[in-house]
Amino acid sequence: MKPKLGLDLRPAMSLRLEQVCPCCGQPYYPSKTWRDQYDAVVLGTEQFAICPVCTQAPTQRVFDSLDYRERCLYQIRRLKNLYEQDREATRLNRKNRRH
Ligand SMILES: [Zn+2]
């Protein structure tokens with residue numbers, strides 16, 4: 001499978017409707033970009049303390065749940081992949097501009 005680059009990473013439209021987070025189960029407004037999510041997770045002090053999808057702190061019960069932690073790890077992997085792809089795309093863009 002070909003990795004997606006650049007514009008494809010952005011959602012087609014940003015909905016302002018409240019949704020239930022698929023990771024921690026809290027209501028949230030899906031307005032965050034993956035970069036916000038990445039920053040929240042990477043700059044967060046404690047792993048799992050901030051949900052990588054909605055960037056909210058989960059409840060204690062969710063925080064302790066193994067299912068939640070598995071979903072977190074999956075989302076964190078996904079965000080790191082996006083970050084790597086974005087960095088690579090930026091690098092290539094810069095190279096092209098020099099010509
Ligand atoms: Zn969440």
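## Burial and model basis

A residue is called buried if 20 or more other C-beta atoms lie within 10 Å of its own, exposed if 12 or fewer, and partly exposed in between, with C-beta atoms placed from the backbone. Phe48 has 21 C-beta neighbours inside 10 Å and therefore counts as buried.

The model is predicted: local features need pLDDT of at least 70, side-chain atom pairs count only at pLDDT 80 or more, and totals for chains, interfaces and linings use all residues. Residues are numbered from 1 along each chain as its sequence is written.

## The loop between α1 and α2

Helices (H or I, at least four residues) and strands (E, at least two) are DSSP runs, numbered from the N terminus. The loop between α1 (34–43) and α2 (60–64) holds Val53; Phe48 and Thr55 also lie in this loop. Val53 is buried because 24 C-beta neighbours fall inside 10 Å, whereas Thr55, with 17 other C-beta atoms within 10 Å, is partly exposed.

Most residues other than glycine have a negative phi. Phe48, which is not a glycine, has a positive phi near 75°. Thr55, also not a glycine, has a positive phi of about 55°.

Two residues are in contact if their C-beta atoms, placed from the backbone, lie within 7 Å. Beyond its neighbours within four places in sequence, Val53 is in contact with Cys21, Pro22, Cys23, Gln37 and Gln75.

## The nonpolar core

A nonpolar core is a set of buried Ala, Val, Leu, Ile, Met, Phe, Trp, Tyr and Cys residues joined through C-beta atoms within 7 Å. The largest such core has 11 residues, among them Phe48, Val53, Tyr38, Cys72 and Leu79. Two or more residues of this core come from each of α1 and α3 (66–97).

Leu79 is in contact with Trp34, Gln37, Tyr38, Val41 and Pro52, leaving aside neighbours within four places in sequence.

## Helix α3

α3 has 32 residues and reaches 47 Å from its first C-alpha to its last, close to the expected 46 Å. The expected span is 1.5 Å times one less than the number of residues.

Of the 32 residues of α3, 3 are buried, so this helix lies largely in the open. The buried residues are Arg71, Cys72 and Leu79, and what covers them includes α1.
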